[in-house]
Every structure is written in C-alpha cells, then in structure tokens.
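Welcome! Take a look at the model below, and then let us walk through it together in questions and answers.

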Amino acid sequence: MLKHSIKLIVRQLFKGNRQLLLNVLGLSVAFAIVLFLSTFILTEMRRGKTITNFENIYRLKSAEGTYWSSRSLKEFDNKFPEIKSMTKLHPNWSKTSFYEVGQQQYQTGKIMVADDHFFDVFNHETIVGDLSDVLAVKDNIVLTETEAEKVFGKTDVVGKGIRFMTADFGVMDLTVAAVIKDTPQEAMMRFDAIIPVEALNYYVSWYDSDHWGNARYEVFISLQPNNPIAGLEAKLNSAFQAAAPDWAKTDKGEIFLKPYSSLYFSESGKDNVVSHGSLNQVRTLGTIMFIVFLLAIINFINLNTAQKIKQTKNIGIHKTLGANGWDSFVRMISEVLPVLIITFGVAIVLVGLSLPWLNNLFGTEFSISGLLDINTLIVGTIVIALGLFLSTIFISLYFQRVKPYEALKNSTLAGKKENLRNALLVVQFTLSIVLVIGSMVVYKQNMYMHNQTMGFKKDNILYLPLRNDMNKQTKAIKQELASISEVSAITLASHPLGKSDMGWGMSLNNAGENKRISYEAMMVEENFFDFFGLDIVEGEGFRSSSIREHEHIFNQFAVNEFGIKNITEARITSYDDASGKIIGVVKDFNFQSLHHAISPIGFICSEPENLSIAYLNLNVSDKIQLQSAMTKIETVWDTFSGDWPFEYHFLDQTLDELYKEDQKFSKIFLLATILSVFIGCLGLLSTVIFISEMRIKEIGIRKVNGAKVSEILALLNKDFIKWVAIAFVIATPISYYAMDKWLENFAYKTNLSWWIFALAGILALGIALLTVSWQSWRAATRNPVEALRYE
C-alpha cells in the first residue's frame, strides 16, 4: 500500500496536481526552517558542553566582577585540595595585531593570553606538538589548525619562528610549540592562538605587577569530581579576607563560583574571554520554529481534509466492504507518510542550497555534512512523526462521523459546515498577524536605537589607534595632522567612545565621609569635551594643572549615584601625590550602547603620551575631499608608524557595530515572518481552490440567473474577510503582551504605536484578499455551461 501511495504521489506531482504541489512546497519550506533552526538552537544549548569535564569547571567571580590580579590569585593557588587546577587568562587587548614571517605580514585571529595551567583546565586535541607545560615557556605560541594554515600553509610547523606584533604589548619573537584542532562551533571560548603570560612578563615592562588592584585576568577552576562548591566558596572568601587590604575586600565583596556551562546565557555584561548568547532570542526562534511548523501542519490537515471530502464516495465504499476504524487509519497513514517523507527530503535540499546565505545571516559555520548527522535524523523523525500523528488523527476523527449511506448518497460533504477547518484557518491568520506585528516592532526598535542621539557629536569623526610606539610621538603626530586642511580639530583619549574598557575602583572622600566607588574611567586630553560638544553643567573643564593633580570630571549620574552634593567638598583620595579634586560635572550622555542605561563615568586629564586614540574632526563635503584627506592622513601615519599598516575607523560606524546583533536578529525575524506568511498564503490558496471547486455548480446556477462577477467575488471572499477580522482581534492582545515583554530587555525602547497593529491588520487583509481573489475571479468568470453541462 505504501509503495502504491508513493508512486501515486510522484505521478501526481509530475502531472502538476496543484493542491499537492502547494502542499509539498509549503511543507518543504516549513521543514527546512525547522531543520535549520533546530540545529541552530541545539548548537546554542550545547555551548560550553563540548569540553571534557565541563561539569567540574567553574569561573571564579566576585560581587565586583570577573577580573582578578595576580596578587589575589596567590592566596588560592595550590592551597585547596578541592581544586584540581586553576588557570588565569585574558584576550589580546589590541583590536588589530599581526604576525610577521619573513617579509610577509598576516593579520591575526583572536589571540588569548594564558598561563601554563590552561590546557589542564580546558582540554584540546593536538595535531602536532606537546601541550604539557607548553605555556610555561615565554617564547612559545600555540596555533589552531586554521591559523597555522593561514600563516604557513600547513600544520606541521612546530619549531617555526613567528613575530607577533601588537599595539598594546609591542613586538615579540616567538616559536610555534604546538598546533591544536580548531575550537568547535559549540565552544564558548573560541580563539586562534595562545601566547603565554610569561611572554608578556618578559617582553612588556609594565605588565608584571604584584599590586592587588591590577585586576586583568579571568580565572577558571577545575574541581575534583563530586566536590560541593559551597564549602570551597567559604574557604576562598576566608583566604581572601585574611590577606587582602581593606579597600580590596570592600571592592571584591563576596567571592563565588559559577558553573562554566551556565556562562553562555549569563546576564553579565561584556565578556572578552567567553562568548555569550541571548536566551530570549533562542526562545523567540524556538517559538517561531513552532509557529512555522504549526502553520504547515494546519495547511497539510486542511488540504488533506479537502482531498478526502472529494473522495467521500470512495470512503463510503471502503466502509461498506467492511473496513473498520483501524483499517481507515492505516490507509490514511499510507497516504500521508509518503508526502511527509518526500517533503522532508526536499527540505534537506533547500537547506543545502541556502546554507551559505543562512550561515552569513546567522553567523554560523554549519556544513552539509554537519547538518546530516544524528541530530538531523532525530529532528526529521520527530517532525515526520508529529506531522503524521496530528494529521492522521485529525483527518480520521473528522471522517469517523461519516455514515456509509451518507457517503454513497452524496459524492461530497461540501454542504456540511466546516467549523473546525475554519477554526484552523483563523489560527493560521492569528499566528501570521502576530509574526507580522512582532517583525514590525523589532524593526522599529532597531531604528529607534540607530537614530537615537547618544548625546555627543559622532558624524565626520575619524579615529586612529596609535600603534606600536606612535604614542611616544603624539605631539609631533598631532602637529602634522593639524596641518591637514581637511582636519578641523584633534583630541586624544584612552579608548573609543561606545566601549567600556576601563572599570576603576577608587576611594572617595565626600564631605568628610570616605567610601569606595566604582565607575567607568576614561583618560582624555584637555579639549575632549569641546571636541565632542559635551556640556560642563557644573564647575569647570580641565586646566593646565589637571594632569598633575589627577583632577576628575564626572557625569551627572555619577555625582547623584555617589551622593555628592557639593563637588568642591569631594575628592578622590586614592592618590598619594595629588589632590584628586572633582572640578566639574559633564552633562549625561550615552558612552556605551543604548542597551545599557547611563552609568557613572569619570574623566581624567592625561599626558598625550599616555593616550592611544587620536580623534580627528573632518571638514569634508564629498567623496573627493574625503579621499584627499585620507591620503594625507595615511602619509602622516606612514611617517610615524614604522611598518605598522594604516588603520583607521569612523566613529559612527563603530557605534553602529554595537547594534550588529540586533540588526541580525531583525533580519532573521523578518525572514521567518515572510516565510510564515508565504506558507499561510499557500494554504489559503489551496483552500480557495477547493471551495471554488466544491461550489462550482452553485456559481454556475447563480450566473445563469444573472449574478454579476462582483457578487460572485463577494460571495467567495466574505468568509475570508470574516476570518481575518477574527484573527486580528485575537492576535492584537497576544502580540502586544509578547512585544511589551521583549522591549523590557532594552534600557531605551520605542513605544508600541497603534498604527503598527492597524497596519498589520491591513496587510493581513490585503494579502488574504490578493491570494483568494485571483482564484475567486477565475471561478466567477468561468463559463457556467462548463459547470452545468453534465447535469
């Protein structure tokens, strides 16, 4: 029976059976979406769980954050039997770094700096070399397979020399000691090379510090199996409290351990060591996947029900010949299962064809071989089983009520009310409208963040990261840049606006009361506030003595947060050789992305030699002037940079990158919405084809009796308008609640305007009418003689 059904289905497809083709197309698109999204979601949920012994790996944290000084870690190292191994690490702080081999330069991938216990905590598979104590040697470097291929064209490169050039750490001559396999896509900690902490201790004079406040490392601990962490946390707190100075105790607060496998969906802020994902986005994509699958199954059920209604007489004959309920059920399975299997096969082909584009959209690295694994088989089995179960149960129950004599008396059941099928169509419209509203809200929120002013000037501003030893020649560089006619102003800072890179913990004396405070710090030049159009609302800007006295300017939020009533009575007391006065208050502005509310920031005036970002305000009006300015700036760069490649960034583009993930999510949501509406339209088209065929004689009689084409169109379309209206009423409160909850994730958010819901309803009605009107018009303009001639 199954073999016969497959042959019949294939024959019908080749003959161009419209309803079957629409059925297969809609299901195939839906199954392709389910296949890819399920693979993506499973990958996200497995993040951090591909490492051996991951369940015993923890991140060392405190109430202050995740960064630790070498001095603090000395109180924990080799002192607790519960700890199997402990490693400290941090990423390369330079945005751009290079390898140099011979005369050839290569831009590096992501570089990690780690101590010699890294591979004891995080197991990695070696291709060549030995990982035992590989990071204990200051001149070693470990490359991944891809990184070795990029630089050397092969992986057997142990013993090869490589020069590592980085702005923050200078130049290091290293030797490749091992090549490891690339970190898998499921890994949270992804990198392309690792250099030892010992290399920085040796090559970088200021790096090795035994001060409690130089917190630069993230720390991960591998515990002995079956060790409760509560007891160890108490020991860690006791050890730190016994050794640390009072200010460090206050800053750190409580120390605790966080499971490594839980970090990916952690709500912590920026993290440069492990990657993070959004659990809300994963849940949203899971919901979309379920909605698409449900839409497709509703289509499938409706279309199969319609086909069975046409075969009512066959059902009656089958029952008259003695078929019971089980026989009908088996027959139904034999007809439905081949369609599901064929459509899933087509879905795999669709995913394969669109995989490069999907990888680019989602930021993934899936391959065809990776998709065709056991997980695909499991997902396919579940999808087919669910589709088979839902459709066969529904259709079997639907026709269980049909009596043999009724089936044999009438060739169809078209005259009976189809309340349940109509309800399924309403569900389809409801889900589609919810997705349309959601897509519009996501887009509106992204536009809101993109267009929202951040409170400082960002247009026509270019910045140069002063690489290598360029900051030692800052005054000369500024003088040369200022001579360029297209450069109207220059200022210097420690890091670009839009990024939080310097969190400080300091002591504040406020009207005689001492307390510890934490804030984002930014070292700047004297003219920084004028350059960016930032207003000093209290006190004064920086002056010639500000550098010597370590004077501060805080934003309004910081002054309120720290309880400072009078800035003349407050000062930073962490300096032994300076007053640390607070001389001014700058108007609040967003110095990081609009995902975050305004927080405390303090500005410190610094010598130009200590500042590594040069901001240039360009006075250009067209591309020709811009190109001329860039050529002149590059000439100045080449004069002072040595061999370092020309590097520049536009501030507005850097700020736009802060919303890259939001833009990606918006595109994904829009794509899912379009495909969902497409699937719904296929089902709607099939339904109107069926209704037109069932009412062909009625239409013919009405036309013979003088009915106009417009009246026939109204007759066929009025029910669809009613269903869209009902769906809109249901979808509006659902989508409002869902999108209101989603917007709670943003510090700055758009409002849910009434026109979004109205536009979604109009779009849904318009799409529905366009879909059904074409087929309705064909039925209405058909010659009535063709419908009635065999009567």
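A polar contact here is a pair of N or O atoms within 3.5 Å. Keep in mind that this is a predicted model.

Q: Which residue caps the N-terminal end of α20?
A: Look for a side-chain oxygen that lies 3.1 Å from the backbone nitrogen of Ile624.

Q: How many Å does helix α20 reach from its first C-alpha to its last?
A: Helix α20 covers residues 623–641, which makes 19 residues. At 1.5 Å a residue, the expected span is 27 Å. The model comes close to that, with a reach of 26 Å.

Q: Within an arc of how many degrees do the buried residues of α20 fall?
A: The buried residues of α20 are Ala629, Met630, Ile633, Val636, Trp637, Phe640 and Ser641. Seen down the helix axis, they line one face, because they fall within an arc of 125 degrees.

Q: Which residues are exposed on the other side of α20?
A: The buried face of α20 is covered by elements including β14 (461–465), α16 (474–482), β23 (613–618) and β24 (649–650). Turn to the other side of the helix, and the exposed residues there are Ile624, Gln627 and Thr639.

Q: Which residue just after α20 takes a positive phi?
A: Helix α20 ends at residue 641. Just after the helix, a phi of about 70 degrees belongs to Gly642.

Q: Which residue forms a salt bridge with Arg59?
A: A search of the whole structure finds 20 salt bridges. In the one formed by Arg59, the closest N and O atoms are 2.6 Å apart. The pair links distant parts of the chain, since Arg59 sits in strand β1 and its partner, 159 residues away, in strand β12. Both residues are buried, and the partner is Glu218.

Q: How many residues apart in sequence are the parts that Glu125 and Lys181 tie together?
A: The side chains of Glu125 and Lys181 meet in a salt bridge at 3.8 Å, N to O. Glu125 lies in the loop between α4 and β7, and Lys181 in the loop between β10 and β11, so the parts they tie together are separated by 56 residues.

Q: Is Cys605 buried or exposed?
A: The cut-off for a buried residue is under 20% relative accessible area. Cys605 has a relative accessibility of 3%, so Cys605 counts as buried.

Technical notes:
Residues are numbered from 1 along each chain as its sequence is written. This is a predicted model: local features need pLDDT of at least 70, side-chain atom pairs count only at pLDDT 80 or more; totals for chains, interfaces and linings use all residues. Side-chain values use heavy atoms; hydrogens and water are left out. Buried means under 20% relative accessible area, exposed over 50%, partly exposed in between (1.4 Å probe, protein chains only). Helices (H or I, at least four residues) and strands (E, at least two) are DSSP runs, numbered from the N terminus. The expected span of a helix is 1.5 Å times one less than its number of residues. The arc is that of the directions from the helix axis to the C-beta atoms. Contact means heavy atoms within 4.5 Å. A polar contact is a pair of N or O atoms within 3.5 Å; within protein, one must be able to donate a hydrogen and the other to accept it, and residues adjacent in sequence count only if both atoms are side-chain atoms. A salt bridge is a side-chain nitrogen of Lys or Arg within 4 Å of a carboxyl oxygen of Asp or Glu.
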